[in-house]
Amino acid sequence: MSSLQNDFITFTFKGSAGENDLAATTDVYLQGTAYTYEGGAYTVDVRNDKTRMTRENAYSDTYNITFWPIDYFGVPEDENIERIEYYFSSADGSITVTQSDDDYVQEGVPMPDVKKGFTFRFECE
């Protein structure tokens, strides 16, 4: 996936896409870090209304969040976002779903010592 950094973007978590403990929770949050071409790293590691994903309906295991990346991560206007590395978490942060978890469940790739997040890349303006 890619877009320009001034676009609103939507991230989706689908609980039934693979076996995971986060699917059994009722609150899912988006956490991550925006990395800039200028060398900046801006992390969002809180679980509150800003990061809470919205459940599509009472019967769904799909959660979405739409945001403006510069504002969400607090990136200064004079920097350009190269990528976002992100993951999904439970309300207390004890359960996470990362690219490493997905690789393990979907492809049987061994779990690394340090989990790797999903990556969203931005197009150059």
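The structure is a predicted model, in which local features need pLDDT of at least 70, side-chain atom pairs count only at pLDDT 80 or more, and totals for chains, interfaces and linings use all residues. Residues are numbered from 1 along each chain as its sequence is written, and side-chain values use heavy atoms, with hydrogens and water left out.

Helices (H or I, at least four residues) and strands (E, at least two) are DSSP runs numbered from the N terminus, and two strands count as paired if DSSP finds at least two bridges between them. By these criteria, 3 strands make up an open sheet with antiparallel pairing, in the order β2-β6-β5. Its edges are formed by β2 (9-14) and β5 (54-55), each of which pairs on one side only. Strand β6 (residues 62-67) runs antiparallel to β5 and is joined to β5 by 2 bridges. Across this pairing, T54 stands opposite N64 of β6.

For L30, contacts (heavy atoms within 4.5 Å) beyond four places in sequence are made with F11, T51, M53, I65, F67, Y72, Y86, Y87 and F88.

With a salt bridge taken as a side-chain nitrogen of Lys or Arg within 4 Å of a carboxyl oxygen of Asp or Glu, the whole structure contains 7 salt bridges. One of them pairs D61 with K14, whose closest N and O atoms are 3.4 Å apart. D61 sits in the loop between β5 and β6 while K14 belongs to strand β2, so this pair ties together parts that are 47 residues apart in sequence. Both partners are partly exposed, D61 with a relative accessible area of 22% and K14 at 44%.

A salt bridge also joins the side chains of D27 and R52 (3.8 Å, N to O). This pair likewise links distant parts of the chain, 25 residues apart: D27 is in the loop between β2 and β3 (29-36), and R52 is in the loop between β4 (41-44) and β5. D27 is partly exposed at 28% relative accessible area, and R52 is partly exposed at 33%.

In a further salt bridge, the side chains of E85 and R83 meet at 2.9 Å, N to O. Through shared partners, salt bridges connect E82, R83, E85 and R121 in one network. Within it, E85 is partly exposed at 28% relative accessibility, whereas R83 is buried at 17%.

Finally, S100 is found in helix α2 (residues 99-107). S100 counts as buried, with a relative accessible area of 5%. Apart from neighbours within four places in sequence, S100 contacts M111, P112, K115 and K116.

Notes
Buried means under 20% relative accessible area, exposed over 50%, partly exposed in between (1.4 Å probe, protein chains only).
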